[in-house]
Amino acid sequence: MADRKPLTQIASIAWEHPADRAALNTLRALPGFDEVVRKVAGFFGDRGIRQLFLANAVRVGPEQRPRLYALYGEALETLDSPTRPELYVTQTPFVNAAAVGFERPFIVVNSGLLEVLDPDEQRFVLAHELGHVMSGHTTYSTIAIILLTFGLKNLPFLAGLALIPFQIALLEWYRKAELSADRAGLLGTQDVNDSMGVFLKFAGGRAGDDRIDLDAFMRQAAEYETQGNAWDTVLKVLNTVFQDHPFATVRAAELKRWVDAGDFQRILDGQYPGRDGSQEPPPLKEDYVDAAGYYGQQARQAADTFAQSLGRARAAFSEAMKRK
């Protein structure tokens, strides 16, 4: 902790991305949203979620992976978490982690992630997942994971509901929630290079006996954001609409914008909203209303682009079939 400042009584709004809150507001406004949440949570429950995700995992503690346990303790202390969610490691080569659960959320880290990331980078992931818990994301992210795991057709208690719009909106929020949690991860490490290094390894893995370069990766991230014509924009929408995470380059570029805007440093300087109400929230670059309006416009544009692309694909398919 010598190199990190404890952020005493920090409120989660300090790191929450405006588009995260706006996307969740849009999701909650969907007809049938409350029913889907109620049915999924009621069917699985907290006990069912634990059995589902932890049937073959190891609970981390002082005797079980003590180094990871110590890193987790540092993340809890840095973000001054009001609770200590249980931490588990599950054996799988996929590089990922998740915060799940309804009433008592917990964190699961894949063993593949521990093999790819260095300890300082692991600290980022632990703080990232803790950020999800502190922001109250886990109910909705758990439902997203369940839908992705089982598929819509394999959950008969949701029969009769219009789920495709719900799924698209849920995944859109899920991706925006990752941008919020990335900020929490950076606040947990308080080291920009370690945090950006996570995205580099998410995208391309460890260097092994070769070399990887963070500066080159950040240039690549900038290129992805700025390069392309209208059709490239369509492809970006189609490539991400059913993804549960933003692409690694997008996450790196978005987090860099937050740092460059000075918000990260202001929090380290003690200018952040507190849970005890003793400090006023710093002014956001966009207040909630502006963010909701911006998100709504972007969502409509994305939906229009997606619909137009599907229309062109159907027309091309029909024309091809006529020629047979």
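Me: In this predicted model, is Q190 buried or exposed?
Reply: Q190 lies in the loop that connects α7 (163–189) with α8 (192–204), and its phi is positive, at about 60°, although Q190 is not a glycine. Its relative accessible area is 15%, and the cut-off for a buried residue is under 20%. Q190 is therefore buried.

Me: How does R65 count by its relative accessibility, and what is the percentage?
Reply: R65 is a residue other than glycine with a positive phi, near 55°, and it is found in the loop between β1 (57–59) and α3 (66–78). Buried means under 20% relative accessible area and exposed means over 50%, with partly exposed in between. R65 therefore counts as partly exposed, with a relative accessibility of 40%.

Me: Is K201 of helix α8 buried or exposed, and at what relative accessible area?
Reply: K201 is part of helix α8, and, leaving aside residues up to four places away in sequence, it touches V116, L117, D118, E121, R206 and I212. Because the cut-off for buried is under 20%, K201 falls in the buried class, with a relative accessible area of 9%.

Me: Which residues of α9 meet α8, and how many charged residues does the contact have?
Reply: From the α8 side, N193, M196, G197, F199, L200 and A203 take part, and they meet L214, F217 and M218 in α9. Sorted by class, this contact of α8 with α9 has 7 nonpolar and 2 polar residues, while the number of charged residues is none.

Me: At about what angle do α9 and α11 pack?
Reply: Helix α9 spans residues 214–226 and helix α11 spans residues 248–260, and their axes lie 9 Å apart. The two helices are roughly perpendicular to each other, and the angle at which they pack is about 95°.

Me: Which residues of α11 meet α9, and how many charged residues are in the contact?
Reply: On the α9 side the contact involves F217, M218, Q220, A221, Y224 and E225, which meet A248, T249, V250, A252, A253, K256 and R257 in α11. By class, the contact of α9 with α11 has 8 nonpolar and 2 polar residues, and its charged residues number 3.

Me: Which residue in β4 is the bridge partner of A99?
Reply: Strand β3 (residues 97–100) is covered on both faces, with A97 and A99 buried on one side and A98 and V100 buried on the other. Strand β3 runs antiparallel to strand β4 (residues 106–110), and 4 bridges join the two. In β4, the residue that forms a bridge with A99 is I107.

Me: Which residue in the hairpin of β3 and β4 takes a positive phi?
Reply: This hairpin has 5 residues between its strands, and the positive phi, near 120°, is taken by G101.

Me: How far apart in space are N110 and Q91, C-alpha to C-alpha?
Reply: N110 lies in strand β4 and counts as buried, at 12% relative accessibility. Leaving aside residues up to four places away in sequence, N110 touches T90, T92, F94 and N96. N110 and Q91 are 19 residues apart in sequence, and their C-alpha to C-alpha distance is 6.1 Å.

Methods: Residues are numbered from 1 along each chain as its sequence is written. This is a predicted model: local features need pLDDT of at least 70, side-chain atom pairs count only at pLDDT 80 or more; totals for chains, interfaces and linings use all residues. Side-chain values use heavy atoms; hydrogens and water are left out. Axes are lines fitted to C-alpha atoms, for helices over the stretch in contact, and angles run from 0 to 180 degrees between N-to-C directions. Angles under 35 degrees count as roughly parallel, over 145 as roughly antiparallel, 65 to 115 as roughly perpendicular and the rest as oblique. Contact means heavy atoms within 4.5 Å. Ala, Val, Leu, Ile, Met, Phe, Trp, Tyr, Cys and Pro count as nonpolar, Asp, Glu, Lys and Arg as charged, and the others, Gly among them, as polar. Buried means under 20% relative accessible area, exposed over 50%, partly exposed in between (1.4 Å probe, protein chains only). Two strands pair if DSSP finds at least two bridges between them.
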